[in-house]
Amino acid sequence: MFEVPGSGESPGVVSSEFAAVSVSIDHDGNSARLRLEDLRSGAVRFVDALELESIVWAPEGWFRRLMDPSLHRWRDADAGPGIEAVGPERPGR
Amino acid sequence: MTAVGEAPERAPGERVRSLVRPDRVHGSLYTDPTIFAQELEHIWYTTWVYVGHVSEIPQPKDYVRKSIGPQQVIMTRDREGEVHLVLNRCAHRGNLVCEAPSGNSGSFRCPYHGWTFSNTGELLGAPFNKGYGGKEGLKELGNLARVPRVAIHRGFVFGSLAEDGPSLAEHLGPAADRLDQLARLSPEGEVELTAGFVQHEVNANWKMLVENETDGYHPQFVHSSIFSISGSSIGDLYSDKSTAVTRALGGGHSENDLSPEFRRLGVPMGWAGTLESKIPDYVASMRETYGPQTGDEIMINGSPHIMIFPNLFVAEIQLFQIQPLAVDRTIQHVTAIQFKGAPDLNRRLVTQCVGSVGPAGMLLADDAEMYERNQRGVAQLQPEWLDLRRGLHRESTDDDGFTIGTATDEISMRSMWKHYLTLMAPQGGAA
């Protein structure tokens, strides 16, 4: 199984046959933020409170668009500007 | 003479009609791969087939792998709560999209090349999509195939791979009432299939299982050991002295109606082999929900013992889902029925089912042995036919117009084969 890393509290793993992500709350910044780590690649993303609230209110179509592999991780090299590149940051930072 | 295992060369419908008689059926119906292929086309991929229960996907984005015959199906619940059935085959290279038996995911990503689909089957994207002309090019690509017709009765989800045909209500007919009867045994009116499934695979033709489920002639012989060990009196109900009846419900459905014996006994929960004192919370809940008189009537009449053609068997406390894989290979997916709002009863039902149909259960092991012996036996050359005439001379009609016989008569088999012909040889009817 995956080792659950991170300096945050209450780590847990949300996993299915398609993905495995460790979830914890990180306090290294000036206010708390969510720390998400893709356990299959090691990529990390921090999500602040306002971003989380926006996710809660985001329309379903937003999530559906996000599910397109060509949108980010498996994007063609000459496909033009992509969304913000993510990590990977390594665990334990 | 026709060699067993190979049906005579005729047009498909005519050939099948020649193999099914009112009082006997030909052995090749159980052994001929060409007939099995026709059954897939005319029965399993045409008529309504039981797929699963809504309680197996309680939350939005839940999914569970199921089947329609050999076809692998994913039963999903979308974010609005609607139930969908999609085939487990990537639109790209045909890989299985889902491997886990169940999970929670609003989208499925094929592990082969990453094509990603919504849990209703729509293609959401593919990696490096410039190879398809970009996002716009994806519109030319395929989705997961959907089971074209999905319908639910009392939480039981059925699917039909045919675009058109009779409605589920028409397919179930009076069998729907038996599912209602089952649900009424819950103080909250709902069945839950949450105890987990055991898969029993046998080297036998699927129709041997269907025929056996409401065959009241075999229990006293095949199941005598478990009846004697457990002290169960159920075996006595399957005798010619019993007031229980075998009833043909039409549409290939049949039941062993043991309720006359349970009413004669007049004890709540006698059908489940337990006592009111052992499940006081359940009994109190039932009387509170339905009123003392109706509650007791429900608990005395008990649970149905019904075979809903072609693959759903409710045997009082357990549910079987029949899945044919080949002419001589069948899986029974078995679970203990659970009733919402009845935790004390549910615990007993799980324990009973472990003893009867669990991995080391004694009841289904008996049947499995008979199925496999039967499959080997029917491959012998002579005699060519299997006999179905038990009770043919004493069939009668009940007050509701259904054909009935004694608890041990083979009415259920005859009615199953009659319906079989309407599907396999639709221009003819019973030979």
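This tour walks through a predicted model, one selection at a time.

**Stop 1: the two chains together**

Show chain A and chain B in two colours. Look at where they touch. Here 14 residues of chain A are in contact with 24 residues of chain B. Together the two chains bury about 1,600 Å². Carbon and sulfur atoms give 51% of that area.

Now colour the chain A side of the contact by residue type. It divides into 5 nonpolar, 2 polar and 7 charged residues.

Side chains of opposite charge can pair when their charged atoms come close. The interface of chain A and chain B has 3 salt bridges. It also has 13 residue pairs in polar contact, counting pairs with both residues at pLDDT 80 or more.

**Stop 2: a pair inside chain A**

Select Arg33(A) and Asp26(A). They form a salt bridge, and the closest N and O atoms are 3.1 Å apart.

Is Asp26(A) buried or exposed? Asp26(A) has 1% relative accessibility, so it counts as buried. Arg33(A) is partly exposed, with a relative accessible area of 28%.

**Stop 3**

Bring chain B back. Select Asp32(B) and Arg15(B). Their side chains meet in a salt bridge, 3.9 Å from N to O. This pair links distant parts of the chain, 17 residues apart. Asp32(B) sits in the loop between β2 (24-26) and α2 (33-44) of chain B. Arg15(B) belongs to helix α1, residues 12-19. Both Asp32(B) and Arg15(B) are buried.

**Stop 3: two domains in chain B**

Next, colour chain B by its domain assignment. Domain 1 covers 54-152, and domain 2 covers 166-424. Where they meet, the contact takes 9 residues from domain 1 and 11 residues from domain 2. The C-alpha centres of these two domains of chain B lie 34 Å apart.

Domain 1 and domain 2 of chain B bury about 760 Å² between them. Of this, 48% is on carbon and sulfur atoms. How many salt bridges are counted between the two domains of chain B? The count is 0. Polar contacts are present: 3 residue pairs, both residues at pLDDT 80 or more.

Select β4 (62-68) and β11 (149-153) of chain B. Each supplies at least two residues of the domain 1 side that touches domain 2. The strand β11(B) gives the most to that side, with 3 residues. By type, this side of domain 1 divides into 3 nonpolar, 3 polar and 3 charged residues.

**Stop 4**

Select Asp296(B) and Arg287(B). They form a salt bridge, with the closest N and O atoms 2.7 Å apart. Asp296(B) counts as partly exposed, at 22% relative accessibility. Arg287(B) is partly exposed as well, with a relative accessible area of 25%.

Then select Arg178(B), Arg247(B), Glu255(B), Asp257(B) and Asp398(B). Salt bridges that share partners join these residues into one network.

**Last view: the whole model**

Show everything again. Over all chains, the count comes to 24 salt bridges.

Notes:
Residues are numbered from 1 along each chain as its sequence is written. Chains are lettered from A and ligands numbered from 1 in the order in which they are written. This is a predicted model: local features need pLDDT of at least 70, side-chain atom pairs count only at pLDDT 80 or more; totals for chains, interfaces and linings use all residues. Side-chain values use heavy atoms; hydrogens and water are left out. Domain bounds come from an automatic or database domain assignment. Contact means heavy atoms within 4.5 Å. Buried area is the accessible area (1.4 Å probe) that two parts lose on being put together, summed over both. A salt bridge is a side-chain nitrogen of Lys or Arg within 4 Å of a carboxyl oxygen of Asp or Glu. A polar contact is a pair of N or O atoms within 3.5 Å; within protein, one must be able to donate a hydrogen and the other to accept it, and residues adjacent in sequence count only if both atoms are side-chain atoms. Helices (H or I, at least four residues) and strands (E, at least two) are DSSP runs, numbered from the N terminus. Ala, Val, Leu, Ile, Met, Phe, Trp, Tyr, Cys and Pro count as nonpolar, Asp, Glu, Lys and Arg as charged, and the others, Gly among them, as polar. Buried means under 20% relative accessible area, exposed over 50%, partly exposed in between (1.4 Å probe, protein chains only).
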